[in-house]
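Q: I would like to go through this structure step by step. Could we begin with the terms that will be needed?

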Amino acid sequence: MAQDETINYLNHDRSLKSWLLTKDHKRIGLMYLGAVSLAFLAGGILALLIRLELLTPGETIMGPDAYNQSFTIHAVLMVFVVLIPAIPAALGNFFLPLQLGARDVAFPRLNLFSFYLYLTGAVIVLSALIVGRIDGGWTFYAPYSERVGDSILFVTTGVFVMGFSSILTGLNFIVTVHKMRTPGLTWNRLPLFVWSIYSTAIVQVLATPVIGITMVLLFLERFLSIGIFDPALGGDPVLFQHFFWFYSHPAVYIMILPAFGIISELIGTFSRHRVSGYTFVALSSVAIAFLGFLVWGHHMFVSGQSAVSSVVFSLLTYLIGIPTGVKVLNWVTTMYRGSISFKTPMIYALIFLFTFSIGGFSGVMVGVLGIDIHLHDTYFIVAHFHYVMMGGTVIAMLGGIHYWWPKMTGRMYNETLGKIAAILVFIGFNLTFFPQFIMGSRGMPRRYYDYLPEFQFMHELSTYGSWILGAALFMILGYMMASLINGKKAPSNPWGALTLEWTHAAALPHPHNFLATPIVVRGPYDYHLAREMFELVPSGDGQHGEVIPGVEASEPDGRPEEA
Amino acid sequence: MSHAEHHIVPIKTLTAVILTLGMLTILTVAASQMDLGSFNVPVAMCIAGIKASLVIAIFMGLRYDNGTNALILAIGLVLAFVFLVFVLLDTNFRGDTSATQSGTIMETEQLAPAQTR
Amino acid sequence: MTSHSAEGHPAHLEHHFVSSEQQFDAAKMGMWLFLVTEILLFSGMFVTYTVFRSWHPEVFAHSAELLDWRMGGINTIVLLASSFTVALAVHFAQKDNMRLVIINLMVTLVFAFLFLVIKYFEYTGKFAHGVFPGAAFDPHGVAGGHNYADYNIPYAAQFFSIYFVMTGIHAFHVIVGIGVIAWITLRVSRGEFSSAYYTPVELTGLYWHLVDIIWIFLFPLLYLI
């Protein structure tokens with residue numbers, strides 16, 4: 001217990017080399033967060049430009065070619081560079097081992113390697129911008145992708161490389177959850193964030209290899225004309241869509257499952273109430289992970305796939321609504337009779353419940369075969385997946401960043417500004433995307449550069465909304481950066497949460513996370529147990545020598561003798 | 001933490017497996033030389049499946065390993081199977097809409113014109 | 001259970017693990033997960049094969065005649081044998097007989113090379129008669145009792161494309177395996193492993209067996225049926 005409390009993961013070695021070659025999951029997580037935020041900034045600026053262009057019919061600020069490129073790059077950046085790694089690789093990396101009471105992920109070197117693979121992939125994707133034009137959307141459907149300019153090669157190579165990064169991260173996390181749990185942390189005591197990251201990791205490991213082989217086949221088709229996808233050579237373009245969506249539909253769950261985990265943490269913590277139906281919430285993540293593999297064909301209802309598979313895929317799509325509904329129901333009942341405190345992260349959780357539910361319900365709608373044929377490739381779809389991806393994943397990510405900001409940086413942000421920004425995000429987001437539901441149902445096709453004058457009012461609303469949303473996001477960036485300079489010093493457990501990263505790690509965690517191996521004797525949200533079980537934790541650790549009720553410390557060095 | 005000692009597969013078992021694998025290879029070649037009609041493919045796949053199971057169970061030691069690794073493999077195989085079956089559900093039933101309905105919509109509607117009014 | 005347990009901190013034990021057993025289990029589980037990703041990677045190709053075969057069964061059956069089952073069969077035996085020697089290497093590593101580990105790994109390398117050599121002759125034999133993947137497919141000439149021009153039928157190009165892609169990616173895995181086995185052999189010869197710590201030998205073995213298993217399926221699918 002003699003270790004110096006002032007040593008933390010940020011100050012124990014400040015050299016650049018110690019960051020670039022770090023094997024510390026916390027530093028890797030922060031580097032991911034930085035990279036993801038930069039990509040989000042770039043993709044977001046593109047989104048603002050796209051919305052500005054659509055303010056009036058015809059040309060507003062850019063020509064049709066620039067427009068096609070803008071929405072393609074926006075989509076590729078947001079999907080592959082931002083949303084897929086966002087929560088698992090950034091927040092997951094940082095907090096999964098902490099919540100498990102582990103000193104690191106199972107394979108720290110692999111973790112660093114996977115970060116550099118991600119960076120390499122991202123750079124390759126971005127170099128496509130310099131090499132030439134990419135258009136045609138993020139799905140690279142064959143045969144178009146086999147015939148357009150060479151810059152598509154950079155995008156597909158980048159996706160291939162980032163796919164490996166995603167696989168390795170997922171593999172690492174699965175093994176970490178299985179093998180690195182601290183004594184007493186049984187499966188039914190795992191925080192729900194861990195469950196969701198674990199389910200995500202299953203999807204990452206099982207789905208991503210298929211996009212890998214798809215990209216390889218696309219390459220071979222382009223260079224050797226092997227004739228698998230290109231109808232002119234005797235291939236089948238719908239087969240490409242199967243390959244693509246076998247990955248890309250489960251990839252949607254790579255994006256949204258970790259968001260579920262964050263929301264569970266937020267609602268449990270800020271309602272000071274045991275998350276009701278813990279087992280159901282936990283297992284519904286796993287259920288979604290597996291069901292997510294059975295529904296990819298609902299992206300292909302109008303592709304010419306067989307009617308029987310359309311019907312099967314449509315039916316299976318409804319099933320996804322069950323575990324998702326179980327989650328939303330349990331979140332709401334957790335708040336019932338809870339003692340809710342409306343801190344900024346909780347506001348994001350409430351926004352999530354609203355926006356994600358709209359996204360989810362509209363998802364069931366477009367899963368209906370007959371309705372989808374009408375709505376396919378309209379703004380209704382655009383609105384639906386933005387409500388899920390932005391109203392779900394990004395909102396949860398923002399909530400998670402606010403929630404864990406004190407643990408990551410040791411500083412508190414300005415709570416008032418936080419709340420104002422959250423409300424502005426909510427208003428801006430809905431103003432941007434709700435009109436798109438209406439436009440879409442009236443027949444405004446997605447990805448179009450120009451539109452009929454009757455859609456202009458809705459497009460205007462949407463563009464004004466994007467300005468509010470953009471301003472709110474820049475505001476968040478501003479006060480978060482300011483908190484690094486003059487933010488209040490954070491206590492080790494500002495929210496009174498019960499998971500290990502709050503109760504057992506210092507305000508800024510030690511390089512090896514814990515000074516003593518935590519021993520877990522209760523569930524992650526057992527707020528109903530005697531108050532002393534969590535409130536007697538002075539600075540969040542047994543490092544002062546006293547044995548905390550419900551929390552025991554093993555040997556100082558934390559390495560029990562080998563059996 | 002430490003549980004059962006690592007199982008050491010005896011050389012006798014390993015040798016028996018490789019001999020069986022060799023024999024099965026000869027069998028599958030022999031079976032392919034005969035005309036089994038529609039059974040050609042299932043027989044070949046069955047033999048390949050037995051060979052692969054032997055390699056997995058004994059050479060890779062999954063039989064002696066903990067159940068989690070077996071579960072991982074099983075999930076992977078199930079997913080690969082799902083991939084195959086669902087793609088075939090499309091590719092082998094293409095154009096089934098036109099097969100179930102002869103004639104254009106106009107023609108079929110003329111068969112029951114009164115019901116729509 | 002392990003010989004080093006009395007020392008407390010064996011050199012191979014990384015700081016974030018509690019015990020060697022935990023480290024070994026974690027590594028092995030990681031390897032199995034990796035193998036599953038390999039299975040799903042190959043599943044894409046198996047799906048392609050099945051789809052095109054079910055669309056054009058007679059073309060596939062006809063085109064497969066051009067592939068020499070003798071060479072494929074020999075290669076099957078060679079790979080199976082290499083799998084056996086890798087299993088033996090792990091066996092001897094567990095028994096702390098490092099000399100036999102090295103010998104078995106070397107024999108494995110020889111088999112792996114032999115596989116590639118046979119594959120090379122198969123490929124060049126096909127190339128010589130214009131059997132290329134994709135657009136360059138232009139069979140001609142007579143060899144082994146086959147008039148190659150007879151095989152220039154629609155969708156035969158697809159069969160050979162799939163053949164070259166599947167066996168090519170498999171061969172790529174063989175080449176990677178050769179590199180890994182050579183590296184592990186070097187590490188064994190430097191005395192880095194013992195019966196207390198042989199995780200990399202075991203993991204390499206697992207990888208190599210998977211390469212073998214893929215071939216067990218490729219052989220009948222491409223050469224026999």
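A: A residue is called buried under 20% relative accessible area, exposed over 50%, and partly exposed in between. The model is a predicted one.

Q: Then is Asp68(C) buried, exposed or partly exposed?
A: Asp68(C) has a relative accessible area of 26%, so it is partly exposed. Its side chain meets that of Arg70(C) in a salt bridge, at 3.2 Å from N to O.

Q: Which residues are joined into one network by salt bridges that share partners?
A: Asp65(A), Arg133(A) and Asp135(A) form that network. Within it, the side chains of Asp135(A) and Arg133(A) meet at 2.7 Å, N to O. Asp135(A) counts as buried because its relative accessibility is 9%, whereas Arg133(A), at 40%, is partly exposed.

Q: Why can such side chains pair?
A: Side chains of opposite charge can pair when their charged atoms come close.

Q: Turning to chain B and chain C, how many residues does each give to the contact?
A: Chain B gives 49 residues and chain C gives 48. About 4,200 Å² is buried between the two chains, and carbon and sulfur atoms give 80% of that area. On the chain B side, His6(B), Met60(B) and Ile72(B) lose the most area to chain C, together 15% of what that side buries.

Q: Which side chains meet in a salt bridge there?
A: Those of Asp65(B) and Lys28(C) do, at 3.1 Å from N to O.

Q: What does chain C look like by itself?
A: Chain C has six helices and two strands, in the order α-α-α-α-β-β-α-α from the N terminus. Its C-alpha atoms fill a box of roughly 70 × 30 × 25 Å along the principal axes. Of its 225 residues, 64% count as buried.

Q: Finally, where is Thr344(A) found?
A: Thr344(A) is found in helix 11 of chain A, which covers residues 344-367. Thr344(A) counts as buried because its relative accessibility is 0%. Beyond its neighbours within four places in sequence, its contacts include His402(A) and Tyr413(A).

Technical notes
Residues are numbered from 1 along each chain as its sequence is written. Chains are lettered from A and ligands numbered from 1 in the order in which they are written. Side-chain values use heavy atoms; hydrogens and water are left out. Helices (H or I, at least four residues) and strands (E, at least two) are DSSP runs, numbered from the N terminus. Buried means under 20% relative accessible area, exposed over 50%, partly exposed in between (1.4 Å probe, protein chains only). Contact means heavy atoms within 4.5 Å. Buried area is the accessible area (1.4 Å probe) that two parts lose on being put together, summed over both. A salt bridge is a side-chain nitrogen of Lys or Arg within 4 Å of a carboxyl oxygen of Asp or Glu.
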